[in-house]
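Please read the numbered points alongside the model.

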Amino acid sequence: MKFGIVGYKGRMGNEVKLLFEEKGHEFVWGYDKDGEYFSQTPELIIDFSLPEVLEKTIEFVKNFKVPLIIGTTGLSEEQLQSLKLLSQEIPIVQSYNFSIGIQLFLKVVDLLKEYIDGWDIEIVEAHHRFKKDKPSGTAKMIKECLEKEVPISSLRLGNVPGDHILYLANLGEVLTISHRALSRRAFADGVYKSANFILNKENGFYIFEDVMFEN
Ligand SMILES: NC(=O)C1=CN([C@@H]2O[C@H](COP(=O)(O)OP(=O)(O)OC[C@H]3O[C@@H](n4cnc5c(N)ncnc54)[C@H](O)[C@@H]3O)[C@@H](O)[C@H]2O)C=CC1
Ligand SMILES: O=C(O)C1=N[C@H](C(=O)O)C[C@H](O)C1
């Protein structure tokens, strides 16, 4: 496939580009701070940038009329709504975490949440010192899945790709669910799965859960 990336010079943009090229696909378009790279029209666009770039991304996918996969975190409720509106015209996969492990983590949380009334619940996330948003998008997803007000502690440590821990405790025990991304490849792999998923899809707003558990 011929793919394009918004934020192609960044950490995730680079990792996604590398992985797709290793699989034999062609990087034909990119957008970053210093402008556009164009060699051909892309068949899909992947966005790992910043929330303030979203308007530009929407303009590009509308012009090219191609599917969008977006992993950028820190989007406002209004921005998520504008993506949902856009999904009436093109297929979109959106997720704050494209790793398989976090999807499984969320399944476990969904299973246990009805049994933890009265427990103390805390989320701790740790990421590299360059991360701009706080708390992480994934921590917000875990909280949303719990359907409770839960405190989130954010650590910014060296070069950590992404750790999430959920602590649940009653007076007699502590239950811990934890996930560590060992490298950005874990997220890029999920983006690759999403690309194969979205090329055959009707317009609509999909999340990574739809990609993972399609059948
Ligand atoms: N959903 C997921 O699985 C994951 C999401 N992320 C998210 O992806 C995003 C990017 O993360 P990283 O690659 O680590 O950041 P990064 O800072 O390395 O990359 C962001 C890229 O966007 C570009 N950019 C910034 N402002 C711009 C502008 N105004 N116009 C055009 N380009 C602009 C930067 O130059 C940079 O190349 C963050 O929101 C992060 O939280 C990161 C990892 C996994
Ligand atoms: O910025 C990152 O690096 C990451 N961001 C995502 C988030 O905010 O949850 C996902 C991952 O943990 C890495």
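1. By class, the shell around ligand 1 comprises eight nonpolar, 10 polar and six charged residues; Ala, Val, Leu, Ile, Met, Phe, Trp, Tyr, Cys and Pro count as nonpolar, Asp, Glu, Lys and Arg as charged, and the others, Gly among them, as polar. The model is predicted: local features need pLDDT of at least 70 and side-chain atom pairs count only at pLDDT 80 or more, while totals for chains, interfaces and linings use all residues. Residues are numbered from 1 along each chain as its sequence is written, and chains are lettered from A and ligands numbered from 1 in the order in which they are written.

2. Ligand 1 is surrounded by 24 residues, of which G7, G10, M12, G71 and T73 are the closest (a residue is near if its C-beta atom, placed from the backbone, lies within 6 Å of the molecule). Two or more residues of the shell come from each of α1 and β2 (26-32); α1 gives the largest share, three residues. Helices (H or I, at least four residues) and strands (E, at least two) are DSSP runs, numbered from the N terminus.

3. F20 belongs to helix α1 (residues 11-22). F20 counts as buried because 20 other C-beta atoms lie within 10 Å; the cut-offs are 20 or more for buried, 12 or fewer for exposed, and partly exposed in between, with C-beta atoms placed from the backbone. Leaving out residues up to four places away in sequence, F20 touches F3, H25, F27 and Y192 (contact requires C-beta atoms, placed from the backbone, within 7 Å).

4. The largest nonpolar core holds 34 residues, and V16, L44, I45, I46, I69 and V191 have the most contacts inside it. Such a core is a set of buried Ala, Val, Leu, Ile, Met, Phe, Trp, Tyr and Cys residues joined through C-beta atoms within 7 Å. Helix α6 (residues 185-198) supplies the largest share of this core, seven residues. A second, separate core of 11 residues includes F105, I123, M141 and L168.

5. Four strands, in the order β8-β7-β9-β10, form an open sheet with mixed pairing (two strands pair if DSSP finds at least two bridges between them). Its edge strands, β8 (152-156) and β10 (173-180), each pair on one side only. Strands β7 (residues 120-127) and β8 run parallel and are joined by five bridges; V124 has S153 in β8 as its bridge partner.

Technical notes. Contact = placed C-beta atoms within 7 Å.
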